Amino acid sequence: MRQSELFTKTRREAPKDEVAKNAILLTRGGFIHKEMAGVYSMLPMGLRVLNKIADIIREEMNAIGGQEVFLTTLQDPEIWKKSERWSDEAMDIWFKTELATGTEVGIANTHEEPLANLMRQHISSYKDLPRFTYQIQTKFRNELRAKSGLMRGREFLMKDLYSFVQSEKELEEFHEKCADAYMKVFERCGIGDKTFRTFADGEPFTKFSDEFQTLSDAGEDIIYLDRKKELAVNKEVYTDEVLAELNLKKDDLEEVKAIEVGNIFKLGTRFSEAEGLEYLDEDGKSHPVIMGSYGIGVSRLMGAIVEVLADENGIVWPAEIAPFSVHLLALPGGEKEADKLYEKLLAQNVEVLYDNRQDISAGQKFSEADLIGIPQRVVVSERSLEGGGVEVKARDSDDEKVIDIDAFLNKMTN
């Protein structure tokens, strides 16, 4: 992508109505556009990042047996009334509307009920189990405190997976598989070393749920972390009884702020019984299907990554989710060679953002490159060519070095 053709532009000043680091940097960098409080549009570079995060999640969910679907946003009230979650009193995050006929419908904020209802058409026998179904879909929640940029929105992209099994043992086994898969997701997204499995309140389904909390001063949650065991307890369940049950000692725990980037719940038969989702065992006896729920806010994760990894100069994208692999900058005296290098990189399927703009100073190009946060900055200039090639600098390093152009190409394509 030639930067001269990119319709979005960076901004020098932070938006006056934003206070969260992720919202400020993503807006200034040209990744997102705020439509209203808690609602953001993804611009070209932002969508590239979001799609890469979604693809990582998709790969890890597929690896543990997940099958992807795409369910409807509009919801039939009757399905939700069965589980007693249609009323605003039962779930105060509903957005609701009416069809032209006057029929009331909901705008989905989660999908336990509709998927359990759907599975009645596909699960009737023990031979149909287990099943692990997920989607990556836009959710809508009537969030009263829409703030913190992408981390607390009214409209957001979410991965929600639901498991359908016969026994508590199978539920536990998949629960652990999913927990491991989540950690792989966070590692690939560059925050694995800062993210910890955290015991939290599981009501009304079980005693505990599992949250995945990423350490950050911008976090809204307080957790108590045992770094050696790589386990934590959310403040909401931080009691002597819980610590004893989990074999954690207060003296080993550190109080820290964190951002919740994922959670997993053992739902049991709460929704299958409400929706009439049953299976026949080998003896022909009917049982409610046992369910689990596993969520990752995809856009929320994008915001959390910015909060955690950004520095004083701008965003620092991990390589696997960066909008481009290389930010190529053409400076005076290097334009022709930069053009050639750009074409060669494209021919080798290297993702490159090429700053070919001629009305921008070198200092502004460098500043914008730091703000945008692409992992490698490559400068072609009269000075670099005289020095023997191109000047290469990693976004998360202060070291710069001149590399022969052919050697750089070999490095990028091997």
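In which loop is the place of Asn247? In this predicted model, Asn247 is placed in the loop that runs between helix 6 (240-245) and strand 13 (254-268). The backbone of Asn247 has a phi near 60°, a positive value in a residue other than glycine, and with a relative accessibility of 54% Asn247 counts as exposed, because exposed residues are those over 50%. A positive phi in a residue other than glycine is also found at Glu230, where the value is near 55°. Glu230 belongs to the loop between strand 11 (221-226) and strand 12 (231-234), and at 52% relative accessibility Glu230 likewise counts as exposed. A further backbone feature concerns the peptide bond from Leu129 to Pro130, which is cis, with omega near 0°; Pro130 is located in the loop that links helix 4 (112-119) with strand 7 (131-140).

The packing of helices was examined next. Two packed helices are described by the angle between their axes and by the distance between the axes. For helix 2 (residues 44-63) and helix 8 (residues 298-309), the axes come within 10 Å and cross at roughly 110°, which means that helix 2 is roughly perpendicular to helix 8, since angles of 65 to 115 degrees fall in that class. The crossing of these two helices, helix 2 and helix 8, is right-handed. On the side of helix 2 the contact is formed by Gly46, Val49, Leu50, Ile53, Ala54 and Ile57, and on the side of helix 8 by Val298, Ser299, Leu301, Met302 and Ile305. Sorted by class, the residues of the contact between helix 2 and helix 8 comprise nine nonpolar and two polar residues, with no charged residue.

A second pair is formed by helix 9 (residues 335-347) and helix 12 (residues 405-413), which pack at an angle of about 25° with their axes 11 Å apart. Helix 9 is therefore roughly parallel to helix 12, the angle being under 35 degrees. The crossing of helix 9 and helix 12 is right-handed. Here Glu337, Leu341, Lys344 and Leu345 of helix 9 meet Ile405, Phe408, Leu409 and Met412 of helix 12, and the contact of helix 9 with helix 12 is made up of six nonpolar and two charged residues, with no polar residue.

In soluble globular proteins, nonpolar side chains tend to be buried together. In the present model the largest nonpolar core contains 61 residues, of which Ile53, Phe186, Leu301 and Trp317 touch the most other members. Helix 5 (residues 168-188) contributes the largest share of this core, with nine residues. Apart from this core lies another, of 19 residues, including Leu341, Val378, Val390 and Val392. Two of the residues named for the largest core, Ile53 and Leu301, also take part in the contact of helix 2 with helix 8. With residues up to four places away in sequence not counted, Leu301 touches Ile53, Val185, Phe186, Cys189, Ile191, Val261 and Ile296.

Leu353 is found in strand 18, as is Asp355, the strand covering residues 352-355. Leu353 is buried, with a relative accessible area of 0%, and Asp355 is also buried, with a relative accessible area of 0%. Leaving aside residues up to four places away in sequence, Leu353 touches Met1, Gln3, Met45, Phe324, Val326, His327, Leu328, Ile372 and Ile374, whereas the corresponding contacts of Asp355 are with Gln3, His327, Leu328, Leu329, Ala330 and Lys365. Between Leu353 and Leu161 there are 192 residues of separation in sequence and 34 Å in space, C-alpha to C-alpha.

Gln3, which touches both Leu353 and Asp355, is placed in the segment before helix 1 (21-28). With a relative accessible area of 7%, Gln3 is buried, because burial is assigned under 20%. Besides Leu353 and Asp355, and again without residues up to four places away in sequence, Gln3 touches His327, Tyr354, Asn356, Arg357, Glu368 and Ile372.

Technical notes:
Residues are numbered from 1 along each chain as its sequence is written. This is a predicted model: local features need pLDDT of at least 70, side-chain atom pairs count only at pLDDT 80 or more; totals for chains, interfaces and linings use all residues. Side-chain values use heavy atoms; hydrogens and water are left out. Axes are lines fitted to C-alpha atoms, for helices over the stretch in contact, and angles run from 0 to 180 degrees between N-to-C directions. Helices (H or I, at least four residues) and strands (E, at least two) are DSSP runs, numbered from the N terminus. Angles under 35 degrees count as roughly parallel, over 145 as roughly antiparallel, 65 to 115 as roughly perpendicular and the rest as oblique. A crossing is left-handed if the near helix is turned anticlockwise from the far one by less than a right angle, and right-handed if clockwise. Contact means heavy atoms within 4.5 Å. Ala, Val, Leu, Ile, Met, Phe, Trp, Tyr, Cys and Pro count as nonpolar, Asp, Glu, Lys and Arg as charged, and the others, Gly among them, as polar. A nonpolar core is a set of buried Ala, Val, Leu, Ile, Met, Phe, Trp, Tyr and Cys residues joined through side-chain atoms within 4.5 Å. Buried means under 20% relative accessible area, exposed over 50%, partly exposed in between (1.4 Å probe, protein chains only).
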